[in-house]
Amino acid sequence: MNEVVKARAVAEVALFAALIVALGTVPSLYAFGLAVPLTAQTLGVMLAGAVLGPKRGSAAVAVVLVLVMASLPVLSGGRGGVAVVVGPTGGFLLGWLPAALVVGLVARRALCLPTRYRVPGLVVACLAGGVVVDYALGVPWWAVVTHQDLALTAGQAVAFLPGDLVKAVLAGMAAAAVHRQLGQRSHDHAGHALRGDGVQDVAGGEVLTEPVGFSGAVEVGRAGDQQVPAGGERDQAGDLDR
Amino acid sequence: MTLPRFELDDVCVRHDGCTVLRVDHLVLDERRIAVVGANGSGKSTLLRLLDGLVAPETGSVRLGALDTVRDGRQVRQQVGFCFQDPADQIVMPVVADDIAFGLKNRGVPLAGRDAQVAAVLDRFGIGHLAQRTAATLSGGEKQLVALAAVLVCGPATVLFDEPTGTLDLARSLRFAELLADLDVQAVVATHDLDLLDGFDRVLVLDHGRVVADDAPGPALTAYRDLAVWAARC
Amino acid sequence: MLTAEVRHGPLRAVPAPAKIVVVIALGLLCAVSSSRVLLGGVVGLGAVALVAARPVWRRLGGLAGWWAVALVVTAGMQLVTRDAAAATGSVLRMAALCLPALAVMASTTPEELLDVVLGATRPLRRAGLATHTLALTVALTIRFVPELVDQAQTLRDAQRARGLRPAVLPVTVPLLLRCLDRSRTLSEAIVARSFFDRSEHP
C-alpha cells in the first residue's frame, strides 16, 4: 500500500533523527579498549546515511537541523539555536547534511561488494561523508567565524581528527552489523540470494533495491564487547534509495 | 443494533513468495471475535486486512459495501486499530495532542477536539495524564492512552493485535473487563485464552488457513489439539 | 521540550520571522566583513538587544559559556601565533555573530521558532515537500527522543552489569535494530490513524 510506504519513510526518518539527538544525550561510550570515551552524536549522523541511505538519511539530519534552528537543546552538551549555526562549529553542523548524503551514496555502492569487503566499504563511506565532506565544510566556516587563516584553523581541526576517524570506523562496523541482521532475516524468509533488483513486499509495499541475504560472519566489536543478539522478528530496512 | 459486517472473498496474501494467509470465504459480523494461532499463523495479517493496512493479492475484503483497498479512507473512519505495543502508536509528544491526532486527521475543528479529548480522558479516569509526555507514562497508562486515542474517533469496530501481550495477569484481567464494557465490535488476535470468556466466535489459524471456526469452547479444544500435535512433531 | 521560559521585553513584540531573518542577514554580513566599525557596531547592537531581551540564563547559560570559551581560546591562539590586532579581529567577529543570535534565542520560544522554520519550508511544497508530513516527522522525533535515551541507558546498564564499560557497538547496534523494527509498526499506526486520509492528501 502506497500510504504505508510513505508512512514508513516518515517513521524511519523521525526515529533516526531521534536517535541522533538521543546519542548526543547519552553519556560517553567507549570503544576498542581505549581509555577515552566518545560522544556518539556524529556516529548517529553517519549511521543515518549508512543504514537509511542518502535520501532518508539526510532527511533525518535535516529534521535535527530544524530542531536546532528552533533552539531546542538537541546537540551534545544541550546546545541548540541559531547561535550554534553562526558559531565556529556551524559549518560542521550544516555539513552533516551533505555528509549523510555522501555516506548514503557510497554505502549503497559498498553493499554491492562481496561480503568480505562490506565492512571496509562501509567504513570508507562513513569516512567520505563523516570526515572528508564534514571537515571540508566545517573547517573553512570555522576560519571565517574566528577570523583566523585557514592553515591555522586546519591545524586546530587536526586535533579532532583521531576521534572522528575512530567514530567513522565504528559507524561502518555498526552499519555492517545492522545490514547483516536484516539480510539474514530476509534470507530466512525467502531464501533470496544476492539480487540487484527490487523485491516487492506485498504486506508493506517496500521495494528493496539493495542485495540482501549474504552469509559469513562479520566481526563486530572487540575487547570484550558482547556479540549482537541474533535477529528475531526483524524486518527489511527501508531501501537505500527512497 | 446491526454490527459491522466484514467479508473476505477468495483472499490470498503472499510475502516473498510464501503464502501468509489464504481465506476462501469468511464473514465477520459478531460482536466479539477472537483470532488465535501460533506466531506466523497469519492472525496479524488477517487483522490488517480488515483495516486496509494490507492489500490482498487476490480477492477482496469488504466492510459492508466498502472495499478496504479502494475505499480505505472510509474504512479507517469506522475501524480503529490497537497495536501490540502501545508505544508504537502514540505519535505526539504530549498525551492530549496524541489523542487529538486522530480527530485532527478527520477534520474535527479545534473546539470540538478539545471537548472530545477531555471527555474520553475522563471516561478512562486519566484526565491527570493530559499534559504528560508520552515517554513518562507506565506501560498500563500507555495502553489506556492508545485505546482512548482510538475510541475518541468513534469507530464502530476496534481491532486488537495481542492486547495483553505485554501485560501481567492483573492488568490482563483489567483489560478483559474494559473490553467487555466497550460498546464496539471487537476483533482480537491473541494468545491469551483467558481473554476469550464471553466471546461470540473464535477463529483458529494455522499456517495461514482457518482450521477451526466456532464458539469459544469447541474452537479452543481444536486449538489445544493442534498445539499438542505440533509440540509432538 | 518545546516549552521554555522567555521573559517579557521589547523584543517579544517583534515577530519571530523578522528576528530570524535579521540574525541571518547580520551573520552573513559580519562573516564576510572585516570592517572594525561594522563589527563593533553589530557587537554594540547585539549587546543592547541581549540585555533588553532579559535572558533566562538557566536556558542560555550553557550556550553562552561555550561561546565564551571558544572566544577566549581563539583569541589566545591568535595572540600566540600572530598579534593583538588579529586577536581583536577574531573577538569582534565572533561577538558580532554570537550576540544577536543569543538575543533572538532569549526573546523567542522554541515553539515560535519551530513555526518559523516549518513555515519557511512551505515554498518547498512545489518541490514535493509535504509540510504536514514534515510537522508530523518533527513531532515524532521529539516524541521518541526520551524513549531512545531510556533504551540506550538500559543497554549501558546491561553492559555494566556484565562488568564491562559501556561500549559503542553493543549499545548502538541493538538501538538501531529496534528503531527499524519500530518504524514498521509505527508506519502502520500512522496510516491506521488516518494521517494520509486528511483532505490535504488527495
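Analyst: We start with contacts, meaning heavy atoms within 4.5 Å. Leaving out residues up to four places away in sequence, A:Ala157 touches A:Tyr135, A:Val139 and A:Trp142. Keep in mind that this is a predicted model, where local features need pLDDT of at least 70, side-chain atom pairs count only at pLDDT 80 or more, totals for chains, interfaces and linings use all residues, and side-chain values use heavy atoms, without hydrogens or water. Residues are numbered from 1 along each chain as its sequence is written, while chains are lettered from A and ligands numbered from 1 in the order written.

User: In which helix is A:Ala157 found? And why does A:Ala157 count as buried?

Analyst: A:Ala157 is in helix 8 of chain A, residues 150-157. Helices are DSSP runs of H or I with at least four residues, strands are E runs of at least two, and both are numbered from the N terminus. Burial is read from relative accessible area: under 20% is buried, over 50% is exposed, and in between is partly exposed (1.4 Å probe, protein chains only). A:Ala157 counts as buried because its relative accessibility is 3%. Now try a distance. A:Ala157 and A:Val66 are 91 residues apart along the chain, and their C-alpha atoms are separated by 26 Å.

User: How many helices and strands does chain A have?

Analyst: Chain A has nine helices and two strands. Read from the N terminus, the order is α-α-α-α-α-α-α-α-α-β-β. Of its 242 residues, 62% count as buried. Take the contacts in chain A with a separation of 6 or more: 72% of them join residues 24 or more positions apart.

User: What is the mean pLDDT of chain A?

Analyst: pLDDT is the predictor's confidence in each residue, from 0 to 100. Chain A has a mean of 77, with 75% of its residues at 70 or more. Residues 189-242 of chain A fall below 50, although this stretch has 132 contacts in the model beyond near neighbours in sequence. Where pLDDT is low, the predicted coordinates should not be read in detail.

User: What does chain C average?

Analyst: Chain C averages 86, and 94% of the residues score at least 70. For the complex, the predictor gives an ipTM of 0.93 and a pTM of 0.86.

User: Where is C:Gly27 found?

Analyst: C:Gly27 sits in helix 1 of chain C, residues 16-32. Its relative accessibility is 10%, so C:Gly27 counts as buried. From C:Gly27 to C:Ala13 is 14 residues in sequence and 22 Å in space, C-alpha to C-alpha.

User: How many cavities does a search of the whole structure find?

Analyst: Rolling a probe the size of a water molecule over the atoms shows where empty space is left. A cavity is a set of points on a 1 Å grid over the protein atoms alone where a 1.4 Å probe fits but cannot get out; lining residues have an atom within 4 Å of a point. The search finds seven cavities of 30 Å³ or more.

User: Which residue classes make up the lining of the second largest cavity?

Analyst: Seven are nonpolar, three polar and three charged. Here Ala, Val, Leu, Ile, Met, Phe, Trp, Tyr, Cys and Pro are nonpolar, Asp, Glu, Lys and Arg are charged, and the others, Gly among them, are polar. Strand 6 of chain B gives the largest share of this lining, three residues.

User: How many disulfides does the structure hold?

Analyst: Zero, over all chains. A disulfide is a pair of cysteine sulfur atoms within 2.5 Å. For B:Cys153, the nearest cysteine sulfur is that of B:Cys82, 11 Å away. B:Cys153 counts as buried because its relative accessibility is 18%. The sulfur of C:Cys98 is 12 Å from the closest one, in C:Cys30, so it is too far for a bond. C:Cys98 is buried too, at 7% relative accessibility.

User: What is phi of B:Asp10?

Analyst: Most residues other than glycine have a negative phi. Phi of B:Asp10 is near 55 degrees, a positive value. B:Asp10 is in strand 1 of chain B, residues 6-15, and is partly exposed at 39%. C:Arg54 also has a positive phi, about 50 degrees. C:Arg54 lies in the loop between helix 2 (36-52) and helix 3 (57-81) of chain C. At 42% relative accessibility, C:Arg54 is partly exposed.

Technical notes
1 Å grid on protein atoms, 1.4 Å probe; cavity = no way out; pocket = protein on both sides within 12 Å on 5 of 7 lines; lining within 4 Å. Points joined across faces, edges and corners; volume = space filled by probe spheres on them.
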